[in-house]
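Take a look at the model first, then read on.

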Amino acid sequence: MNGRGKSDSLVVPEKLSNNARDRAAERVEGRGLAEGNPRENGVFRTQGRADARTGLERVREAAERDRRQKFTALLHHVYDVERLRAAYRGLNPKAVAGVDGETWKHYGERLEGNLRGLSERLKRGAYRASPVKRAYIEKADGRQRPLGVPVLEDKIVQRSAVEVLNAIYETEFVGFSYGFRPKRRAHEALDALATGILTRKVNWVLDADIRSFFDTLDRRWLVEFLEHRVSDRRVTRLVKKWLAAGVLEGGEWQATEAGTVQGGSISPLLANVYLHYVFDTWVKRWRRTQAKGDVIVVRFADDFVVGFEHRAEAERFLAELKERFLKFGLELHSEKTRLVEFGRLAAGERAKRGEGRPETFDFLGFTHLCGKTRSGRFTVIRQTMTKRLKAKLKAVSTVLRQRLHDPLPALGAYLRAVMAGHMQYYAVPFNIRAIQRFRYGLVRLWRQTLSRRSQRARVTWERISALEQRWIPPARICHMYPEQRVRVMTQGRSRMR
C-alpha cells in the first residue's frame, strides 16, 4: 500500500472513481461533513478480475488491512455470472414463487442465458427490483409475522450482493454478533452467553426486545452506515431499489416508507450493518469507558442479552440505550424488556430478601434458569421454551390430520425426521426432560391419528409402543456443554469482545 492507502496492483486507471463524501467516525453519532468536502484519499478501488474468488479475497484482505478503507468498485463482483450461478444454486428449489410466478425449476431450464441476461442488466443499470409478495407465518404466541417473498431474480442478485458485502463486513463485525453470519450458528451464541454468565461476575441480565425492528429501522441511517465502507453508488442504489420496491398484498401494491422486508436474502445483512453501528460499537465503547464491573454481551440479529456485575450500571445502561435507540428510530419493547437478577449470587441474595427463586429469561428458544450441578456448583440451565414446544406439537398435529390415511411407514418416517430435527437444536445438557416430553407428545399424537382411522376401537398403547420404538428416536443429549464448545470454537480467544 502506498502512503495514500491504495494498492497499485488493484487500481483500475482507466475508470474514474465515484464521488464519495468523507464519512468520519463521528458520522455514526449523527455528525458528518457537509456536501462538497473533498473525498478521502484512502478510497480503495478493486481491479477487474479474471477469478471471482481471488477478487473477493483481495477485497477481504484490503478491508481487514485498513478498517477505514472505502470500496468504490464492487458491482462487477455482484454481476459476475459465476457468482450469480452459485447464488441460484444456493436457493431453495421448493420455495414459493414471487409476484412474477417464476419458479426455480423453470428459470433453470435456460439458466445460462437467463444469468447472462441478468448480468448484462445489472452491468448497464437496467435491472429493476420487483415488489415482494406479502405472506404471513404464525408465531409461537399465535400472532402473525409478516414476511416478504421476492421474485427469483431479486433473490439471486441479493445473495450475490450479500457474498460481496460479507467480504467487507465480516472483517468489521464484532465477536459477540452471531445472527445470520457465515460459519456462525445460534448454538454458538447460546454457549457464549452461558459461558459468560458462568465465568464472569454476572449478577444482572438485561433481556431486551426491539419493537418491530425490521419494520422500523431508518433507511436514511442505513444508507449512511453502508457508505462508511461502500462508496460504489451503484451498489447502494441496488440496496435502495430493494428497500423501495414495496409489497404486493391482495393484488394491491403498497409502498413501504421504513424498514426492510423480512424474507429477502439481503435483509439479515442490512440488519446486522444497522445494529453494528447503532448497538455493537456503542456497547463496546460504553463497556470500555463507563462500566466499572464485568459486562458481557451476546447479540443474535435483533435479539440480544447483556449481563452486568452491578445493578446500578445495568439500570444506567438501559436508560442510555433507550436514548440511543430513539436517536436512530428504534424502540425497546416495554413489556418484553426486563432487568433480571440472575447469576451465581442471585439465589442467595433473593433468599435473604425473602423473594423466592431467581427469575428466568428467554433467548433463542430456550428458557434460562439458575441451577446447580450434582456437585453443587452454580450452572445455567437451558430448557425448551414451553410455548415453542407446544407450537411445534400443534404444527405436527395439523400435518398428521392432513396425512391421516398415509401408510404407517410414511408417518413413521415423518415423525422420525421431526424428532431428529427437534433434538438437533434443543437437545442441550440439562434439557433431557423437555426432550422426553416432546417425544411423548409425538407418540400421543400418532396414537390419536391412528385411532381416527377406525370408528370401532382406539389403538392400544401396546401397539403404539412397538411403533414408536421402531420409528421415533429415543430422547438423548446431542450437544456439548457450553464451556467445552466455546473452548473448541475460540481456542481461548473471547467472542465477548
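Predicted model: local features only at pLDDT ≥ 70, side-chain atom pairs only at ≥ 80, totals over all residues.

On a 1 Å grid over the protein atoms alone, a cavity is a set of points where a 1.4 Å probe fits but cannot get out, and its lining residues have an atom within 4 Å of a point. Grid points are joined across faces, edges and corners, and a volume is the space filled by probe spheres set on the points. Residues are numbered from 1 along each chain as its sequence is written, and side-chain values use heavy atoms, leaving out hydrogens and water.

**The largest cavity**
- The largest cavity has a volume of about 150 Å³.
- It is lined by 18 residues, and those closest to its centre are Val-132, Gln-158, Trp-242, Val-261 and Ile-266.
- Helix 10 gives the largest share of this lining, three residues; helices are DSSP runs (H or I, at least four residues) numbered from the N terminus.

**The second largest cavity**
- The second largest cavity has a volume of about 70 Å³.
- Among the 13 residues that line it, Ala-95, Val-96, Glu-102, Leu-152 and Lys-155 are the closest to its centre.

**Arg-181**
- Arg-181 sits in the loop between helix 6 and helix 7 (186-199).

Definitions and conventions. 1 Å grid on protein atoms, 1.4 Å probe; cavity = no way out; pocket = protein on both sides within 12 Å on 5 of 7 lines; lining within 4 Å. Helix = DSSP H or I, 4+ residues; strand = E, 2+ residues; numbered from the N terminus.
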